[in-house]
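Subject: Structure handover

Hello,

Please find the structure below, with notes on what turned up in it.

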Amino acid sequence: MSNPRAALTAILGPTNTGKTHLAVERMCAHASGMMGFPLRLLAREIYDRVVKIKGVANVALITGEEKIEPPNARYYCCTVESMMMHREFAFVAVDEAQLGADPERGHIFTDRILHARGYSETMILGSESLRPLIRKLLPEAEIITRPRFSTLSYAGAKKLSRLPKRSAIVAFSVEQVYAVAETLRRLRGGCAVVMGALSPRTRNAQVDMFQSGEVDYLVATDAIGMGLNLDVAHVAFAGLAKYDGSRRRRLSVAEMAQIAGRAGRHQKDGTFGTLAGEAGEMEPEEILAIEDHRFAPLDWLYWREAEPAFESIDALIADLEAKPTEAGLRPAPRAIDLDVLKRLSEMPAVVDLVRSPKLVQRLWEAACLPDFRQLGAEPHSRFIANLWQFLGTGFGHLPYSYVTAEIARLDTIQGDVATISQRIAAVRTWTYIAHRSDWLAEPIVIAERAKAIEEKLSDALHAALRQRFVDKRATTLMRSAGMDSALLPVTINAENRVLVDGEDIGRLDGFAFRVDVSAKAGERKLLLAAAERHLAEMLRQKAKDVKMADDKDFTLIADADGRPAISYLGDILGHLEKGRSLISPLFKPVRAVGALEGDALRDITVRAEAWLAAQLDKHLGGIVALQKLAQDPALDGSVRALAVQLAEEGGIAGRAFLADAMAALPKDARGAARKGGIVFGALDVYHHAALKPAATRWRSALFAARDVKPMAVLPPESAVHLKDWKFANLAECRNAGYRKIGDEYLRIDLAERVVKKAHEARGQAAAFGMDMGFVTSLGVSENGLNALMRDAGFKKIAVPDIQATVSDVAEATEAGTPDTRIETDVVPEIPLETETTPETEQATVVEITETPGITAASALALPNLSHWRWVGIRALKIHSEKRRSKPEHSAKAKHDAAASKSPRRETPKVVAPPPSPPSSLALQLAALQSLQPAKKKG
């Protein structure tokens, strides 16, 4: 196909340089010719132009799903994939050759650049960025630079309602195309829609609407950037990012220029810009590069072996994955046909039918079937596997009944725009198959049937697009009045319903728009995109309102899943998550807030974090004070260590849990700890500010954020005693500020006050009586009191046992429970927020002296009198005991063995006071009971 003496020319330059027009003229000057284009829509456009010059009998159109080939055709307009590489033509041209750098199709363009040749003349058309690679790969080529005919300039960002007539709005998703088109229908009466997924018949009908002036606006995908010649004066970008098949990324400057270059025609100047509030702003360097047509040169093109070996599937895959040896070429990174082939090679039902190199080649041809339906490699490979059960056996033909049944399923025009578009894509698959004469027994019949259905669906799609996006009455009125419409009014009513031009389209929940549930499935994405576009400015203003809001407008709440969250006027802004420490949580915005850009997101985040810091400092001052205590270099290290440990527990911890820290704390250092707010209770150690209701709620939120769990449900703030309540565990109970006493719960400070009164009532005696009026006023039951006193080291005794004397204490000392006096602090007053004021009541120490008239019977008649004996708090063992060599079978032995497995922390060392003589009450009772008081030992 090549001729060493044939002319090889590279025509390079920006868009609107007439490169394609020049190539068409050169082809028509030769006896035969072929041109390869990146899009079937462009191939169809050039086909129509050449037909006018050479006549329909002399021109062919070959694309994947459309084939018009007269018997005597001499001029071929093809997609690059469909170029007839084994047929000779006098002239050959490849358009948009810079697409050799495309990750998916680039290897096809590179192959045509290297091997497609006319025996008289060859033209490579492309961007100026191709120059260094043409010099490297085709040193014999003559390079001609074509300047742009007209000027292209930046017009800035414009609102959709302010776009000039003859504008094309370019979007990068079907949903965005439909959303913009719907708005233009309301604002300007309508628009035409052009997308690569449309059939040529539908696309041509839509373009005719725009070219004829029936509508003044065109909404399209980036397909218009590939050489489609339209009468466009201004190009507006609805976005500056697109999904490229693997990720969402910003458009390159070359891609922006390719699309913007559609503005202006021949010597008519054009402008480009963005949609205000939609696409953002272009960078100054991007604008300058587009206007001056200066782009970074391409460093490589993608390459793949064009003629692989077919000895086996593995050999075929190896050739297709082979690396190029020539400088300036790179292996193709991804292509769906190779991906599909690999998946087919893993299917035993497919591989079992491949028995010869010819069938390997046939399998490769099947894998190259385009994925018109955009299903992806996995579903598409399964579809091809179903075809292979016929293509790989017998005559290799798909059954006529099978194909006609599949096509018949698509022969219906019912449904919305999206449904009809999907049917057209499916028909395109069968049209492509129909053009493979070796795949069908009657390809012509199938091709005609598929074409008829595609035309029927295309007409229906055009009608649906016209009905949906063109308002003839509005267009006529606007043109007759010559009026310029303004943006449709957008309002939010008291119920947060979003009204666009008076139409209720959904609800605004915080910063998230929810489409009305009554909307049809096909309209949901459209409404969402339209509302988000209109609401963009409102959301930015709402973010400013959050920035300027008072602290009272923010609240700590638990969301539907129990996660701690910060809300603004009832709308959740974000959640608390684990940070560096318990009191340093992170603020993570919810998705709707996180989707905001620039200053809006920053305003909300900074304000929420500032409020969070202020609330923690205000309500968790106890933990803040503990942290400052831990960082004070002037304090004893043991005090700082205790403060750190207590702060990490939220300001409250069981005394046994802090056993090690307490044991290391010298008595003379406790003053500094107390001065810092630490309260040393008999059972718990806590900061005096940690039990306030606000501190309790924030502590629950911080632990939920740290441990990634729902916030605990807290009892009413005024409750000091809980009977019908269940905490999930003891940690949750302590975090809420309560101590478990049997099946009840009592606020920690009040529990300590009860224990404190018991120690005051006891004095130096081992056994004593105490007035329980204070306890009963709290609502604590007898079982609850017994559990609390047992935890505090007291044992309830019957009245006759009150004669216990110092000898009992001595015996208890020998048994390991000395008369230990635990050093505790005076419990600070914390408002109970109840009608009763039990803190005003005082424990009554029963002191019965030898006063005449006082008898034991009268002493026992005192109201609410309860009698106890101090037995001491059992010390927790630090080291585990050694296991006995022989197993112990008794219950006590089993209990001791189990207890020895878990090392326990040692309680603070305590000092036993000197033994006191028997009280007069003990002597009187002993006499009444005819008992002799025990003699003092030693």
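I start with Arg 112, which counts as buried at 8% relative accessibility; here buried means under 20% relative accessible area, exposed over 50% and partly exposed in between, with a 1.4 Å probe and protein chains only. Arg 112 sits in helix α3. Leaving aside residues up to four places away in sequence, Arg 112 touches Val 80, Glu 81, Met 83, Met 85, Val 94 and Arg 117, where a contact is heavy atoms within 4.5 Å.

Some points on the source. This is a predicted model, in which local features need pLDDT of at least 70 and side-chain atom pairs count only at pLDDT 80 or more, while totals for chains, interfaces and linings use all residues. Residues are numbered from 1 along each chain as its sequence is written, and side-chain values use heavy atoms, with hydrogens and water left out. Helices (H or I, at least four residues) and strands (E, at least two) are DSSP runs numbered from the N terminus.

Glu 96 is in the loop between β6 (91-94) and α3 (106-115) and is buried, with a relative accessible area of 9%. Asn 496 is in the loop between β19 (490-492) and β20 (497-500) and is partly exposed, at 29%.

Helix α9. In α9 (residues 313-320), the buried residues include Ile 313, Leu 316, Ile 317 and Leu 320. Viewed down the axis of α9, its buried residues fall within an arc of 95 degrees, so they line one face of the helix; the arc is taken from the directions between the helix axis and the C-beta atoms. Among the elements that cover them are α10 (336-345), α11 (348-351) and α12 (357-367).

Sheet. There is an open sheet of 4 strands in the order β23-β24-β25-β26, with antiparallel pairing; two strands pair if DSSP finds at least two bridges between them. Its edge strands are β23 (554-558) and β26 (586-589), each pairing on one side only. The twist averages 35 degrees from one strand to the next. Axes are lines fitted to C-alpha atoms, for helices over the stretch in contact, and angles run from 0 to 180 degrees between N-to-C directions. Strand β25 (residues 571-577) is joined to β26 by 4 bridges, and Leu 576 has Phe 587 in β26 as its bridge partner. Helix α20 (residues 599-619) lies across β23, β24 (564-568), β25 and β26, at about 145 degrees to β26. Helix α25 (residues 693-707) also packs on the sheet, touching β23, β24 and β25, at about 60 degrees to β23.

Aromatic rings. Rings of Phe, Tyr and Trp (its six-membered ring) pair if their centres lie within 6.5 Å; planes under 30 degrees apart count as stacked, over 60 as edge-to-face and the rest as tilted. The count is 15 aromatic pairs. In one of them, Phe 390 and Tyr 402 have ring centres 5.2 Å apart and planes at 45 degrees, so the pair is tilted. Phe 383, Phe 390, Tyr 402 and Trp 430 form one aromatic cluster. Trp 611 is buried at 2% and Trp 698 at 5%.

Cysteines. The whole structure has 0 disulfides, a disulfide being a pair of cysteine sulfur atoms within 2.5 Å. The closest cysteine sulfur to that of Cys 28 is in Cys 77, 8.4 Å away and too far for a bond.

Regards
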